[in-house]
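These are my notebook entries on one structure. I set down what I looked up, entry by entry.

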Amino acid sequence: MRLIASLAFAAALMTTAAHAQTTNVKVGVLTDMSSLYADDTGPGSVAAAKMAVADFNPAAHNMKVDIIVADHQNKPDIGSSIARQWFDTQNVDAIVDVPNSAVALAVSDVAREKNKALLVSGAAISDLTGPKCSPNTVHWTYDTWMLAHATAGALVKNGGDSWFFLTSDYAFGHALERDATAVVLANGGKVLGSVAHPLNNQDFSSFLLQAQQSKAKIIGLANAGGDTINSIKQGAEFGITAGGQHFAALLFYIGDVEALGLKVAQGLVLTETFYWDMNDATRAWTKRWQVERPGKYPNMNQAGVYAATLHYLKAVAALKSAADGKAVVDEMKKMPTDDPLFGKGIIRADGRKIHPAYLFQVKSPAESKYPGDDYILKATIPADQAFRPMKDDNCPLVTN
Amino acid sequence: MANTADAAAIRLHRRTDSGLGIAAVVMVTCLVVAPFVLYPVFVMKALCFALFACAFNLLIGYVGLVSFGHALFFGWASYLAAHAAKSWGLQPELAVVIGTATAALLGFVGGAIAIRRQGIYFAMITLALAQMMYLVALRVKLTGGEDGIQDVPRGKLFGAFDLNNEMTMYAFVLVVVLAALFLIYRIINSPFGEVLKAIRENELRSISLGYRTDRYKLAAFVLSATLAGLAGSLKALVFQLASLTDVHWTMSGEVILMTLVGGLGTVFGPVAGAFIIVAMENYLAPLGQWVLVIQGAIFVACVLTFRRGIVGELASWLRVKL
Amino acid sequence: MFEIFGVPSYALFGQLLLGLINGSFYALLSLGLAVIFGMLNIINFTHGAQYMMGAFVAYMLLQYLGINYWAALVIVPILVGATGIIIERLFLARLQKLDPLYGLLLTFGLALIIEGVFRNYYGSSGKPYDIPDALQGGHNLGFMFLPNYRAWVIVFSLAVCLVTWFAIERTRLGSYLRAATENPTLVRAFGIDVPRLVTLTYGFGVGLAALAGVMAAPIYNVSPQMGSDIIIVVFAVVVIGGMGSIMGAILTGFTLGIVEGFTKVFFPEASNTVIFVIMVIVLLIRPAGLFGRGI
């Protein structure tokens, strides 16, 4: 009898042990699937997250990883209530992407309250690693400080010393305008004015007219996605570029270039932290990504979703648990990062991922040799200069 | 003959009262059990909308005025409540009072303008006023524009009960909503409520009887706006967020849909309608934009074939008042 | 360049001209609403969605069939107008004896359905529709650079409005229409098929909305929510003008567009609310609207 009982006990012990070894992880891709940022994030980000899971090979780490997807429609209330529901009822451990800074800020609060992990790729606002930083958040791809210093800095130094801003009227646009204004002023330029337009706006004519009448050399577009495309297109219609003024698209992706066409977009200066045609590794990755997104080219947001998810899963594997979001994020900060798209890097204490940034110029139709051959590399901003130094963060995590 | 008729009337009256009583007991029991079975945040959301729909029903069901702009009161109350709790650091009960008072004030101003016209004009004017205030919300600092007011603290009720506990929050919402529903029920059955119904049936006749109908209409409008504001203030605390969604015209449409589905002019219809529509949005969310199509289809179906709504049909089938 | 109230004149004229373009759309849409209201006594909430459909059908014709803008100007109003006729026969005809509010609720539901379907297939960002080749480029007017296409929109919509006014106020068919509005029973006694007249009127009003949609496509892009954005403003325009007169709807539409442009120069913060503020003032002073017959 005793033998049987102890055997049964041992068997039970073994099953629980085997059970405990499989770590279940659920990653939610919260993104814009239907609106103005969908082409720059959306389904392309979902494809990238799935590739990260495949490349990580969960089975080899005794893990099971599920991906779920939701559309936040660019509304902070929808985003935060999806996040809340995912954490409370769906056992989601981490949320990735979250384009739209307003939504990212709202979700960051929820992730912190529920002690889960948030891996931001698509949102730009630099406050995520500044005053609004959180021990549960990693900001992977880029931010407004970086865009402002790279793009605006280069333009001012090349003689574009008077600016007028067209700003998307929410957290992101104002942060980008704020950061770019600081750079323009610091480099001896001046800002002649600015006008805020609603998110997902269709008619820019009256704003463009104001920009035209300001006589500024540079019209700084502190907006993104469909808003940037429309501003540039309608600017051409109203003869702005023909009149000698130039657009500075402070946040511009390869998909936007493709949507505008090289004829209109040529000559624009922009900053990304990833270009599909950078090296053999990025080209190979792009080829696999295009199986899901035929005819499109991945941008830094989508690359960031891949790299962030991969690094997150490595950290979970090291801890053998995804339950404590802050612990996983701490582990992510402890481990150096290494992936085929951004190379080697680190995550700082404030949650900022550090890697180089690249200043590109859009090619003219004549210079482009094959589809997707859109950028000329003008300058590389080394990793230690690309992002805001931690001492200027005002992030409570760092000062404490 | 007269006796039997009287007896029938009395029976019907008793039946009516007992129908309402039974329905009320069933509703309260369900709501007390609900948070242990369902996701509490979902039930709280449905409760807020139930109150919102009942407030709206006060106007459409009992005065016959269709407001297409009730999101104005719901949304602005939630902004002010959120602002009071976050920026002024007020206790939750005071934040709710401030939100509700804001809605009352807006209801007075908006109502005074809108009741100058009737029928479809009234609908268009309320819609336009709400859109104006939506555009204001988009621009002014207080509301945070597209960002909304985020991270609103729930705080401690009367300085004692911590609302960050989901069940405490639920109890607070439930008590406030039930009290407000009871108040609405009392208003409908007061002499004031009878005058409102008379105005709905025949305004000219009510005027000739010496009632200043404009004053009654304005009073009803303010009451309805105030209670909608109470619902909005509660929602801001539940979700710890106030956003443009709550002042957008789609919100005004949603509350009409809830009331229509449940049954215009019934006591429990708007509550049932709110739970149905909120549940539908919740469980059909993966369908994305099809939710909008389904809502539209329900609108069309209700108007064409189902004008009494679910509770209205049920009541006429059971021959009780619900 | 001279200055007006400290604002350079070119800035003022530029914004006024842009306001006039917006006004063209207000006028076309409120005209359609007024025509429908006159005959059916309902406010067509679907009007915005039908305007959006106009733009989308033009986009689809170009995208899938290669049919250009000029052909779309003719084809689209007919196609979308036909869907309007179906809607009238299927739904609105059944509501005639009910409170007009049910018509408002029904058309609101239809608007949600149409917007939802387009959002589902096309997302909520705008689709580009290129300006036709013949209207590319623009002219420098001294105070601003006016793209040719926008000039065309002003001229063409004015023409459409005037033709519609003439057809309703000055032709025999128009007189039947106006008579049927006043007294349908009597007109039926003269052997005129009033229900058919009603159906055709609704189809015509919807066609006008679709025409406005085609004209808007190259300016505002083609997006599912373009209709709901503009229809509420048009409702305010209608309340200001009053539903009584066709000419009233046209004049109010253009005027309010210009007022909006004017506000953009002097009080930019108020530019998108000014029409609603005017509505409130008009309601306080003249509740029936500027051109309305009192109700």
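Entry 1. I looked just past the end of helix 9 of chain C and found that C:Gly242 takes a positive phi of about 85°. Helices here are DSSP runs of H or I with at least four residues, strands are runs of E with at least two, and both are numbered from the N terminus. I note that this is a predicted model, in which local features need pLDDT of at least 70 and side-chain atom pairs count only at pLDDT 80 or more, while totals for chains, interfaces and linings use all residues. Residues are numbered from 1 along each chain as its sequence is written, and chains are lettered from A and ligands numbered from 1 in the order in which they are written.

Entry 2. I then examined helix 9 of chain C itself. Its 16 residues reach 23 Å from the first C-alpha to the last, close to the 22 Å expected at 1.5 Å a residue; the expected span is 1.5 Å times one less than the number of residues. I asked how many residues of helix 9 of chain C are buried. The count is 15 of 16, and the helix is mostly covered. A residue is buried if 20 or more other C-beta atoms, placed from the backbone, lie within 10 Å of its own, exposed if 12 or fewer, and partly exposed in between.

Entry 3. I turned to chain C as a whole and recorded 11 helices and four strands. Its radius of gyration is 19 Å, close to the 19 Å that the globule rule gives for 295 residues, so chain C is as compact as a globular protein of that length. The radius is taken over C-alpha atoms, and the rule is 2.2 Å times the number of residues to the power 0.38.

Entry 4. I looked up where chain C meets chain B: 32 residues of chain C are in contact with 34 residues of chain B. Two residues are in contact if their C-beta atoms, placed from the backbone, lie within 7 Å. On the side of chain C that touches chain B, helix 4 of chain C gives the largest share, 16 residues. By class, I found 23 nonpolar, five polar and four charged residues on that side of chain C. Ala, Val, Leu, Ile, Met, Phe, Trp, Tyr, Cys and Pro count as nonpolar, Asp, Glu, Lys and Arg as charged, and the others, Gly among them, as polar.
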